[in-house]
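Hi there,

Here is the structure I promised to pass on to you. Have a look at it first, and then read on for my notes on its salt bridges.

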Amino acid sequence: MKKLLFLIVLFVALATAATAQMAEPVHFTTAMKATHGDEAEIIFSAKIDRGWHLYSTDLGNNGPISASFHVNRMDGIKTVGKLIPRGKVVTQYDEMFGMKLRFFENQGTFVQKIRFTKPTYAIDCYLEYGACNNENCLPPTQVSFVKRGTVKLSQAAKAGESNEKQTDSEPATAALPAATDSAAGTTKAGLAAVDAADSKALWKPVVRELRAFDNKRQGNSSLFYIFAAGLAGGFLALLTPCVWPIIPMTVSFFLKRNKERSKAIKEAMAYGISIVVIYVLLGLVVTMLFGASALNALSTNALFNIFFCLLLVVFAASFFGAFELTLPSSWSNKIDQKSENTSGMLSIFLMAFTLTLVSFSCTGPIIGFLLVAVSTQGSVLAPTVGMLGFAIALAIPFSLFAMFPSLLKSVPKSGGWMNVIKVVLGFIELAFALKFLSVADLAYGWHILDREVFISLWIVIFGLLGSYLLGWLKFPHDDPDHSTNVPQFFVGIISLAFAVYMVPGLWGAPLKAISAFAPPMNTQDFNLQKSAVEPQFTDYDEGMAAAARQGKPVMVDFTGFGCVNCRKMEAAVWTDAEVAGILNNDYVLISLYVDDKTPLKEPVLVTENGQQRTLRTVGDKWSYLQRTKVGANTQPFYVLLDNKGMPLNGSRSYDEDIAQFVDFLKMGLKNYK
């Protein structure tokens, strides 16, 4: 039974990993409905995943991909009027495009009216649409509708039939050089720009290789850093007035309770394990309440980010001494009474739970900040891993001092230094609150927290933090006679130096140390930093041939003319001097626009997932390349390749962390060399 359960879990995990990069946020159903006389409607009904926008019709050439109706073959039918959107259409001004956009959320419908002109009819048509969320955009995507049948015509329609001549048009198709991947079962089309054999190799799928890079990076890095952040939060919580004094009291209790030191150590260890279990359960509860999809949505959802910002401001005010965040005393009293009335492991667990409730006024803001930060990373495991690190740090001293009780004598007594730590944490939480407000500001386009405003506030916050540590600023709970000690002096100097470091950012300096937190460079009004990156090629095969001649690696940029986040990446990340230098000097940059409507010289017939499909435009071809070669269909999407089309690193999508993008490029160069 256990083996069967393991195999089921493994199968689900592999299936999830195999489709992780292929987004299908819009789900269509099609139908034909008779209306009156000889007319009918072809109906395309969509259900849209949360956070995604399905764009409406006639948005113009300078906007995102509009919904449109196209015909491959039509006999005995005429279209009547244009494609009609039905349902609740949201109209919103978009700063990036500089225009009002119309789109559906949650669900939407498109209708094309038709008229029958013959008793026997046949139609092969499709709806083309575009969709985006706050991070990615789909390429132009098609929904087919094919139907044949008979219908009883009115006299007027029969009269019109005798005078009407219709021609059936089938798209010409051209067979291109192709390479078949037996594992994927798909056909890869190349171009005549390079040798046919080379083209086949360049279009070869590399989904497995990319996934190996991505899994290595995510598995060993992201969750490790989340665990480390939880560990750091736990150690900070230890130094607060609500936790530190409890450590010697609790350990002494266990040692006095049992005359046998070995038994006291076992119970203290059990006490520490209970603390770990309680906080890990808290992380699991957060995961269960939100779920994987909601945790991903938190990273860009404006309302959640505003709530998190206000929550962190409240926590900061509590640490500054404005008020105390405490749970009802009756809760801890009841738990404490139950722990006294029970015995064994249950009593120890209840004592650990009492510690959790009593120390909430100090640990609550730290836990809240940790859960907020890791939840918005989009990983379903993040809250649990973060709480595991926090709990381990919190449980270590109870077990350690129980094993070596003589160490209790050397433990420093609680005092004013603990309040200093609380105030420092308050400043840090206030600084990070601005990060979440910045996300909401970017989502709604308010422009109240542009880059220079954000940096100005951080300069003030860390300047005040340095002033506090040097004794120039005091808060209500501070000891009036407390003076700056040596550790505070050095930390205060570091904080002031950090504030000075950020000053050039007001004039456009990249400030790589805070690039993951500050708003993108394109929100800054006054910017002396000018770095331009332009793609050398917009054709994959031509760009790869040039890279082979120059002996350089390639960055393939799957993008779109209507991709908002592609423009954000280009404005916020590519303008960085270091990024621009690497892309311009060390790579051949190939930008492939998946919504390019330029017709191919001849339509191309390919087989994908066992079904034949016709590629009619340049954008169709690049979208097909993205799906089959790298297993993704959203933009922006960046892949580093060698001259033979093999990956040099994992993939990247929308992420304005400049430092990580630089590491991404440098690792590709290292692997290439």
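Lysine 118 and aspartate 75 join their side chains in a salt bridge, with 3.2 Å from N to O. The term stands for a side-chain nitrogen of Lys or Arg within 4 Å of a carboxyl oxygen of Asp or Glu. Because lysine 118 sits in the loop between β8 (107-116) and β9 (120-129) while aspartate 75 belongs to strand β4 (residues 68-75), the pair ties together parts that are 43 residues apart in sequence. Helices (H or I, at least four residues) and strands (E, at least two) are DSSP runs, numbered from the N terminus.

Please keep in mind that this is a predicted model, where local features need pLDDT of at least 70 and side-chain atom pairs count only at pLDDT 80 or more, while totals for chains, interfaces and linings use all residues. Residues are numbered from 1 along each chain as its sequence is written, and side-chain values use heavy atoms, leaving out hydrogens and water.

How many salt bridges are there by this rule? The count is 5.

Is arginine 652 buried or exposed? Its relative accessible area is 8%, so arginine 652 is buried (under 20% relative accessible area; exposed is over 50%, partly exposed in between, with a 1.4 Å probe and protein chains only). Aspartate 655, at 29%, is partly exposed.

Best wishes
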